[in-house]
Amino acid sequence: MDGYSSNDISDVVEADRAHVWHHLSQHKPYENVDPRVIVEGKGMRVWDARGKEHLDAVSGGVWTVNVGYGRTSIANAVRDQLIKMNYFAGAAGSVPGARFAQRLIEKMPGLSRVYYSNSGSEANEKVYKMVRQIAHKHHGGKKWKILYRERDYHGTTIGTLATSGQAQRAAQYGPYPDGFVMVPHCLEYRAQWDVANYGERAAQAIEEVILREGPDTVGCLVLEPVTAGGGVIVPPAGYWEKVQEICAKYDILLHIDEVVCGVGRTGTWFGYQHYGIKPDFVTMAKGVASGYAAISCTVTTEAVFELFKDDPTDTMSYFRDISTFGGCTAGPAAALENMRIIEDEGLLDNTTAMGARLMANLHALMDKHAVIGDVRGKGLFCGAELVADRGTKEALDEKRVQAVVADCMAQGVIIGATNRSVPGLNNTLCLSPALIATPDDIDQITDAIDQALTRVCG
Ligand SMILES: Cc1ncc(COP(=O)(O)O)c(C=O)c1O
């Protein structure tokens, strides 16, 4: 597996340096250091262009490769499907598209329709368009506003950035379209209210925004079940019950963005399933096919779907949307096999067990390192917020947070940190190993963090 050191691919690195514009990256340093090129992956591990092995604690960097690298059964399923039928526009159905939709809906009681596209941003945009069209068709133009939450993220397009609760993601790309309104975050560690029932209070803040805007203007509320890039925020007890109640009270559709939590990450198929809530829309992308093919899904209830076929005589009354690559069959073919693997290998249970181990290890690190102010998470989706002072909760300087990440990388363990997200609060280490993680993998991850914190923070 370390054959790359003997296979010189320096030409690849040079081609990358000369021509590839990397995501989320300042490129000036690449004039002096090599850009990182990942060459091969197997299970939990990846190898770079120099042949160096890394344990990947972030599933491909961004919570994606849920079933791990090197899955030949997914590659074979995709290969077989591509040879038989690679693509036809989504106005027609496909065999894997129909089969995966059926299998998915079996896991999502109360929901019934799957709309395919190819990124999380796009899946979320579909909801925003549906909400707007419902407003036009069924509310006389009212109920057109979409509420989103501070610290949440829903994508990179202008439309989804209009719902970015992370100021640094949205900055410099505006102006944004009207009708997107922010509600306060629910992270109790950074409390905005001094109350005992924090979850309920944070949800009440949503109601306050609805009343301020006017309930007849608000059509939808979009929330991450557990906020990911905004700092791994698990809503406090009582939050979701109240959110559901508020949505019902004001006839507001509830859109749950499962792009990160979806398909096993938190130990259930979907994050919202921990909380007994009944969404009207669920969107998903990253873990649906673990990055073996691009696929995203916008899933709705039959009631929402019915709103788009109520008047077949009106030539404008259906959802007039297309996603060219939503018709690629590789996505649902990979997703079917991905789902089979999760079921046959018991990966939901493994996620719950390994998530508990990861959380216990992080708590032990917190006892040892005062720089850890808070640890949070659900399943194999955890965060550790680093602070300069536990009493004041002053965030640790971002450079030192990045130094911890770099130290782990030098040890051969890839971890993440919140990045160009909330100004002054890019201080949470992010951990999201693949759902196949073993106890040894989990311990290796936290051992690396232990050493890094000792070196960087003393
Ligand atoms: C919660 C959430 N929603 C949506 C997206 C956007 O997904 P994509 O990058 O596939 O467009 C992301 C990406 O990180 C995300 O974390």
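Predicted model: local features only at pLDDT ≥ 70, side-chain atom pairs only at ≥ 80, totals over all residues.
Biologist: Got it. And which residues of helix α9 are buried?
Modeller: Tyr239, Trp240, Val243 and Cys247, in a helix that covers residues 239-249. Looking down the axis of α9, these buried residues fall within an arc of 85 degrees, so they line one face of the helix; the arc uses the directions from the helix axis to the C-beta atoms.

Biologist: What covers those buried residues of α9?
Modeller: The cover includes α8 (198-213), β7 (218-223) and β8 (253-257), judged by contacts, with C-beta atoms placed from the backbone lying within 7 Å.

Biologist: What follows α9?
Modeller: Aspartate 251, and its phi is positive, near 55 degrees.

Biologist: Switching to the ligand: which residues come nearest?
Modeller: Ser119, Gly120, Ser121, Gly155 and Val259, out of 16 residues around the ligand. A residue counts as near when its C-beta atom, placed from the backbone, is within 6 Å.

Biologist: Which helix gives the most to that shell around the ligand?
Modeller: That would be α5, residues 120-138, which supplies three residues.

Biologist: Which strand pairs with β10 over five bridges?
Modeller: β4 (residues 113-117), in the antiparallel sense; pairing needs at least two DSSP bridges between two strands. Tyrosine 116 has cysteine 297 in β10 as its bridge partner. Strand β9 (residues 281-284) also pairs antiparallel with β10, over four bridges, and there phenylalanine 281 stands opposite threonine 300.

Biologist: What about β11, how many of its residues are buried?
Modeller: Six of the six, so strand β11 (residues 372-377) is mostly covered. β11 pairs antiparallel with β12 (residues 382-389) over five bridges, and glycine 377 faces cysteine 382 of β12.

Biologist: How many residues sit between the strands in that hairpin of β11 and β12?
Modeller: Four, and glycine 379 in that hairpin has a positive phi near 60 degrees.

Biologist: What order do the strands take in the open sheet of four?
Modeller: The order is β1-β2-β3-β14, and the pairing is mixed. β1 (38-42) and β14 (413-414) are at the edges with a single partner strand each, so one side of each has no neighbour in the sheet.

Biologist: How many bridges join β1 to β2?
Modeller: Four, with β1 and β2 (residues 45-48) running antiparallel. Lysine 42 stands opposite arginine 45 in β2.

Biologist: Last one! How many helices and strands does the protein chain have?
Modeller: There are 14 helices and 16 strands, counted as DSSP runs from the N terminus: H or I of at least four residues for helices, E of at least two for strands. Of the chain's 458 residues, 47% count as buried, and the C-alpha trace spans about 65 × 60 × 40 Å along its principal axes.

Technical notes
Residues numbered from 1 in each chain as written. Buried ≥ 20, exposed ≤ 12 C-beta atoms within 10 Å, placed from the backbone. Contact = placed C-beta atoms within 7 Å.
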